[in-house]
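Student: Could we go through this structure together? I would like to know how its parts are arranged.

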Amino acid sequence: MPRPTARVLTLLELLQSGGTRTVAELADRLGVEGRTVRRYVGQLIDLDVPVESVRGRYGGYRLAPGYRLPPLMLSDDEALAVLLGLVAGRRAGSLTAGHTASETATAKIRRVLPKHLAHRLDTLLESLSFTDQPRGLAAPDTGVLLTLADAVRHGRPVSIRYTDRDGRRSERTLHAYGIVAHAGRWYVTGTDPEIGEDRTFRLDRIADARTLPGSFEAPLDPDPAHRMLSGFATAEYRHEVTLRIHGTVEQIRARLPAGVATLEEQEPAAGQDPATERWLRVELRAERLEWLPPVLASLDRPFVIERPDELRDLVTALAERLTSYARQA
């Protein structure tokens with residue numbers, strides 16, 4: 001059974017989650033009787049924690065506004081969520097308190113964390129990169145995330161149990177280079193040593209991760225985000241598309257980002273501004289082509305379809321539909 005001190009701290013954690021907690025609810029969560037809950041509340045009050053009693057049918061205990069902030073208690077998952085939120089907020093420029101406040105808040109949280117957890121979280125932050133402005137990220141399993149981050153930092157092979165998009169389950173070995181936050185999801189990228197090719201896996205599809213004996217040498221400049229986006233753009237899909245588009249890199253990337261298409265940037269002619277419009281070669285792969293004609297139309301740039309012919313037919317069909325719509329009275 002947990003020691004009384006541990007139960008008192010658990011009580012504080014429950015009260016910190018907000019709202020009023022009934023004595024019966026607290027007794028059930030702590031596995032004690034109601035009078036024991038009242039005794040624990042008394043111990044918190046003796047420690048100057050501002051706990052107040054709420055009378056009535058729905059009464060109980062809650063933390064009252066006070067001149068002292070109660071001790072902050074975070075579980076591993078909560079500490080991870082807070083630190084990642086601060087990192088994502090700094091990168092997105094969405095923290096109104098400014099960069100300095102974000103840095104000091106991060107430092108304070110790190111100082112009060114247990115050493116083993118602080119070390120693992122620091123390892124994760126060193127292994128993490130973003131491909132674009134962070135958005136609401138689906139939370140991965142904490143154990144999986146921290147295990148992969150540790151494997152990245154120390155160059156250790158890791159075994160994962162993975163379920164692919166078709167529901168097939170497999171156990172893979174991965175030499176992980178980094179963890180990437182992209183388009184609201186978490187990914188780990190690295191090399192599959194059995195086939196010697198780069199692989200990217202969604203963390204929410206990894207059921208378990210464990211470190212294996214041995215080590216590996218990562219590339220000198222692995223750039224996990226670039227590897228992942230390149231992998232997405234060249235993944236094996238039904239259609240291979242090759243285009244030539246007249247415009248600037250920025251104009252093309254606005255509709256066909258790096259995770260969708262590869263862009264062959266030719267060296268500008270002598271004396272030519274790199275930002276000027278010119279013909280650029282674009283390659284991508286897609287399972288379906290129906291989404292591409294509207295994207296090309298939204299570019300509003302001259303383009304040539306080299307392959308496949310099916311895409312040319314779809315673009316022509318879209319143009320004819322738009323023309324018929326425009327001619328309607």
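Tutor: Let us begin with a term: axes are lines fitted to C-alpha atoms, for helices over the stretch in contact, and angles run from 0 to 180 degrees between N-to-C directions. Helices (H or I, at least four residues) and strands (E, at least two) are DSSP runs, numbered from the N terminus. Please note that this is a predicted model, in which local features need pLDDT of at least 70 and side-chain atom pairs count only at pLDDT 80 or more, while totals for chains, interfaces and linings use all residues. Residues are numbered from 1 along each chain as its sequence is written, and side-chain values use heavy atoms, with hydrogens and water left out.

Student: At what angle do the axes of α1 and α2 cross?

Tutor: The axes of α1 (residues 4-16) and α2 (residues 23-30) cross at roughly 130° and come within 10 Å. Angles under 35 degrees count as roughly parallel, over 145 as roughly antiparallel, 65 to 115 as roughly perpendicular and the rest as oblique. The helices α1 and α2 are therefore oblique to each other.

Student: Which residues make the contact?

Tutor: Contact means heavy atoms within 4.5 Å. On the α1 side the residues are Arg7, Thr10, Leu11 and Leu14, and on the α2 side they are Leu26, Arg29 and Leu30.

Student: And how do α6 and α7 lie relative to each other?

Tutor: The axes of α6 and α7 come within 8 Å and cross at roughly 70°. These two helices are therefore roughly perpendicular to each other. Residues that meet there include Leu117, Leu121 and Leu124 in α6 and Leu145, Ala149 and Val152 in α7.

Student: Let us turn to the cores. Which residues touch the most other members of the largest nonpolar core?

Tutor: A nonpolar core is a set of buried Ala, Val, Leu, Ile, Met, Phe, Trp, Tyr and Cys residues joined through side-chain atoms within 4.5 Å. Buried means under 20% relative accessible area, exposed over 50%, and partly exposed in between (1.4 Å probe, protein chains only). The largest nonpolar core has 33 residues, and Leu148 and Ile206 touch the most other members.

Student: Which element gives the most to this core?

Tutor: Helix α7 does, with seven residues. Among the elements that each supply at least two residues are α4 (76-92), α6 (115-127), β4 (158-163) and β8 (206-211). Apart from this core lies another, of 20 residues, including Ile245, Leu284, Val295 and Val315.

Student: What does isoleucine 206 touch?

Tutor: Not counting residues up to four places away in sequence, isoleucine 206 touches Val144, Leu148, Ile160, Arg161, Tyr162, Val188 and Phe201.

Student: How many bridges join β4 to β5?

Tutor: Six bridges join them, and the two strands run antiparallel. Two strands pair if DSSP finds at least two bridges between them. Arginine 161 has glutamate 171 of β5 as its bridge partner. Strand β4 also pairs with β8 in the antiparallel sense, over five bridges, and serine 159 has arginine 210 of β8 as its bridge partner.

Student: What do β4 and β5 form?

Tutor: They form a hairpin with five residues between them, and glycine 167 in the turn has a positive phi of about 85°.

Student: What is the strand order in the open sheet of four strands?

Tutor: The order is β10-β11-β9-β12, with antiparallel pairing. The strands β10 (261-264) and β12 (303-307) stand at the edges with a single partner strand each, so one side of each is left without a neighbour in the sheet. Nine bridges join β9 (residues 239-247) to β11 (residues 278-286); threonine 242, for example, has glutamate 283 in β11 as its bridge partner.

Student: Which strands does helix α10 lie across?

Tutor: Helix α10 (residues 292-299) lies across β9, β11 and β12, running at about 10° to β9. Helix α11 (residues 309-327) packs on the sheet as well, touching β9 and β12.

Student: Where is aspartate 300?

Tutor: Aspartate 300 lies in the loop between α10 and β12. Its phi is near 55°, a positive value in a residue other than glycine, and at 62% relative accessibility aspartate 300 counts as exposed.

Student: Which residues does the cis peptide bond join?

Tutor: The cis peptide bond joins arginine 307 and proline 308, with omega about 0°. Proline 308 is found in the loop between β12 and α11.
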